[in-house]
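I opened my notebook to look up a few things in a protein model. Come and read along with me.

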Amino acid sequence: MSVSHDDVEPVTDHVHDNSWSANLEKPQHAEDRSLVVSQALDAIEHTAAGNHVNLVTHGDHGHPETYLYDALDERSGIDYEYVEQCGCGGHVVRAHVQ
């Protein structure tokens, strides 16, 4: 089942002028990989230059290199690195905004 992205609460509603974490592990994220990608990119857009956002992805989608890295590669002004797999099965990717 696909969730309409318009019906899902945004991951954030303001620009973070600090480093922070975006929770992309909620049940609606498990159901829709494209929502994870969309909200990860939104989280990056809501991170002020000079900071990073930890993108905590849902474990149901596997390693983020299989679906998230291509979208991140298309963005300019960010560098990212894989941090670790969480105990719950999710993954953490740190995106540095320049």
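Below are my entries, from the whole chain down to single residues.

**Entry 1: the kind of model**

I noted at the start that this is a predicted model.

**Entry 2: the fold in outline**

How many helices and strands does the protein chain have? I found three helices and four strands. Reading from the N terminus, I wrote the order as β-α-α-β-α-β-β.

**Entry 3: inside and outside**

Next I asked what share of the residues is buried. Of the 98 residues, 43% count as buried.

**Entry 4: charges**

I looked up the charges and found 4 positive and 18 negative ones in the protein chain. How far apart are their mean positions? The answer I wrote down is 2 Å.

**Entry 5: an aromatic pair**

I searched for aromatic pairs, and the structure holds one. Its members are Y69 and Y80, whose ring centres are 4.9 Å apart, and with the planes at 50° the pair is tilted. To follow that step, I needed the cut-offs: planes under 30 degrees apart would be stacked, and over 60 would be edge-to-face. Where do the partners sit? Y69 is in helix 3 (residues 69-73) and Y80 is in strand 3 (residues 78-85), so to speak eleven residues apart, and the pair links distant parts of the chain.

The cut-off for buried is under 20%.

**Entry 6: D70**

I stayed in helix 3 and picked out D70. Buried or exposed? D70 has 56% relative accessibility, so D70 counts as exposed; the cut-off for exposed is over 50%. I then checked D70 against V37, 33 residues away along the chain, and their C-alpha atoms are separated by 9.9 Å.

**Entry 7: A40**

My next stop was A40 in helix 2 (residues 33-45). With 0% relative accessibility, A40 counts as buried. Which residues does A40 touch, leaving aside its neighbours within four places in sequence? I listed L24, L55 and L68 as its contacts. I also looked at A40 and N18, which are 22 residues apart along the chain, and found 16 Å between their C-alpha atoms.

H14 is in the segment before strand 1 (20-24). Its relative accessible area is 42%, so H14 is partly exposed. From H14 to I78 the sequence distance is 64 residues, and their C-alpha atoms are separated by 19 Å.

C88 lies in the loop between strand 3 and strand 4 (91-97). The relative accessible area of C88 is 61%, so I put C88 down as exposed. How far is C88 from H14? Their C-alpha atoms are separated by 28 Å, and along the chain the two are 74 residues apart.

Note on methods
Residues are numbered from 1 along each chain as its sequence is written. This is a predicted model: local features need pLDDT of at least 70, side-chain atom pairs count only at pLDDT 80 or more; totals for chains, interfaces and linings use all residues. Side-chain values use heavy atoms; hydrogens and water are left out. Helices (H or I, at least four residues) and strands (E, at least two) are DSSP runs, numbered from the N terminus. Buried means under 20% relative accessible area, exposed over 50%, partly exposed in between (1.4 Å probe, protein chains only). Lys and Arg count as positive and Asp and Glu as negative; His and the chain ends are not counted. The place of a charge is taken as NZ of Lys, CZ of Arg, CG of Asp or CD of Glu. Rings of Phe, Tyr and Trp (its six-membered ring) pair if their centres lie within 6.5 Å; planes under 30 degrees apart count as stacked, over 60 as edge-to-face and the rest as tilted. Contact means heavy atoms within 4.5 Å.
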